[in-house]
Amino acid sequence: MTNRTKIAARIAACLAIAQDEAAPLGEREAAAAKAAELIGRHGITADQAAAARGDAPEGINCAPVALLNTDGHGEARAVLAGDVARAMGCRVILKPVPAPRPYTVIVVGATSDVHHLRQLLPLILAQAQTAAASADAEQRRARDFLSSFLSGYGDTVAARISARRRPLTDPTTNPGAALILADRAKRIDAFIAERFGDLDKHTHRTTKDGRTAGRAAARLADVGAPGVNATSRRALST
C-alpha cells in the first residue's frame with residue numbers, strides 16, 4: 001500500500017466517523033476537521049478517499065426538463081427552476097427557444113438529485129402557475145407580473161428548501177456530509193465545463209410588486225421532502 005493510499009484510507013476513516021450519527025458530535029467534528037486538513041494538505045478528494053474504502057462516489061448526471069412556454073414566460077420558469085436546483089445542490093443549463101416551443105433546461109447534479117428534481121420541478125411550477133392565476137386581477141394585468149411572480153416564488157421556495165436541508169449540509173451539524181457535498185460541487189462544475197464549456201449569464205427583469213406577491217404565495221407551497229444523498233450507500237432524509 002502506497003503512502004498516498006494510506007492517507008486516503010485515513011481520510012475515509014475520518015469521514016466515516018464524521019458521518020456516524022451514533023458518535024458524539026465533538027468526535028464527529030474532530031474527525032471532519034482532520035479529514036479536511038488531510039484533504040487540503042495532500043490533494044486527495046473526498047471521493048478518492050471514499051473509493052479507498054470501497055465506496056464509489058455517486059455519479060454526476062444531466063437530464064432535460066421541458067418548461068411551459070406558450071405564454072412567452074419560459075425564461076422566467078427556467079430562472080425558477082435554477083433557483084430550486086441550486087438549493088438542491090444542482091445546476092441548470094438554459095436552452096432558450098422562441099414561444100410557443102417548450103423552454104428546456106438541462107439539470108446537472110448527482111444522479112439521485114437530478115431524479116428528485118425532475119419530479120419536484122413540475123410540482124413547484126404547477127403550484128406557482130395556480131397561485132399566480134389567483135392573484136389580484138389588477139396585478140395580473142401588469143406587463144411583467146407573471147415573470148416577476150415566478151421569480152419571487154422561486155426565491156422563496158429555494159430558501160425554504162435550503163433551510164430544510166441545512167442540518168444535513170451544515171458542517172456544524174453534519175461535518176462528513178458537508179465535505180462530500182463540497183467535493184461533489186467541484187465535480188458538477190467540472191462536468192459542466194467539459195460538456196457545455198463557457199456559459200453566458202442571463203439577466204431577468206422583474207418588478208417589485210410581482211416578486212412580493214410570488215414570495216408570499218411560495219410560503220404556502222408544498223416543497224416535498226428534499227433530502228441529501230451524501231454517499232453512494234446512504235441517504236440523509238429530512
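Residues 24 or more positions apart supply 76% of the protein's contacts with a separation of 6 or more, a contact being heavy atoms within 4.5 Å. Before going further, a word on what we are looking at: this is a predicted model, where local features need pLDDT of at least 70 and side-chain atom pairs count only at pLDDT 80 or more, while totals for chains, interfaces and linings use all residues. Residues are numbered from 1 along each chain as its sequence is written, and side-chain values use heavy atoms, with hydrogens and water left out.

**Overall layout**

The protein has nine helices and three strands. Starting at the N terminus, the order of elements is α-α-α-β-α-β-β-α-α-α-α-α. Helices (H or I, at least four residues) and strands (E, at least two) are DSSP runs, numbered from the N terminus. Of the 238 residues in the protein, 43% are buried. Buried here is under 20% relative accessible area, exposed is over 50%, and partly exposed is in between (1.4 Å probe, protein chains only).

**Two helix pairs**

Two packed helices are described by the angle between their axes and the distance between the axes. The axes are lines fitted to C-alpha atoms, for helices over the stretch in contact, and angles run from 0 to 180 degrees between N-to-C directions. Here are two such pairs:

| Pair | Angle | Axis distance |
|---|---|---|
| H1 (residues 3-18) and H2 (residues 25-42) | about 150 degrees | 8 Å |
| H4 (residues 74-87) and H5 (residues 111-133) | about 130 degrees | 11 Å |

With an angle of about 150 degrees, H1 comes out roughly antiparallel to H2. The cut-offs: under 35 degrees is roughly parallel, over 145 roughly antiparallel, 65 to 115 roughly perpendicular, and the rest oblique.

As for handedness, H1 passes H2 in a left-handed crossing, while the crossing of H4 with H5 is right-handed. A crossing is left-handed if the near helix is turned anticlockwise from the far one by less than a right angle, and right-handed if clockwise.

On the H1 side, Arg4, Ile7, Arg10, Ile11, Cys14, Leu15, Ile17 and Ala18 meet a set in H2 made up of Glu27, Arg28, Ala31, Ala32, Lys34, Ala35, Leu38, Ile39 and His42. By class, the residues of this contact of H1 with H2 split into eleven nonpolar, one polar and five charged. The classes put Ala, Val, Leu, Ile, Met, Phe, Trp, Tyr, Cys and Pro under nonpolar, Asp, Glu, Lys and Arg under charged, and the others, Gly among them, under polar.

In the other pair, H4 brings Arg77, Leu80, Ala81, Val84 and Ala85 up against Leu117, Leu120, Leu121, Ile124, Leu125, Ala128 and Gln129 of H5. The contact of H4 with H5 has ten nonpolar residues, one polar and one charged.

Which residues of H9 are buried? In this helix (residues 208-218), they are Gly210, Arg211, Ala213, Gly214, Ala217 and Ala218. They sit on the same side of H9, because they cover an arc of only 165 degrees around the axis; the arc is that of the directions from the helix axis to the C-beta atoms. On the face turned away from the buried side of H9 are the exposed residues Lys208 and Asp209.

Gly210 and Arg211 also turn up among the contacts of Ser148, together with Arg205, Thr206 and Thr207, once neighbours within four places in sequence are set aside. Ser148 belongs to helix H7 (residues 145-169), and with 0% relative accessibility it counts as buried.

Back in H2, we find Glu37, partly exposed because its relative accessibility is 36%.

Thr70 is in the loop between strand E1 (60-67) and H4, and is exposed at 55% relative accessibility. From Thr70 to Pro98 the C-alpha separation is 9.2 Å, and they are 28 residues apart along the chain.

Finally, Ala185 lies in helix H8 (residues 175-196) and is partly exposed, its relative accessible area being 36%. Ala185 and Cys90 are 95 residues apart in sequence, yet their C-alpha atoms are 8.0 Å apart.
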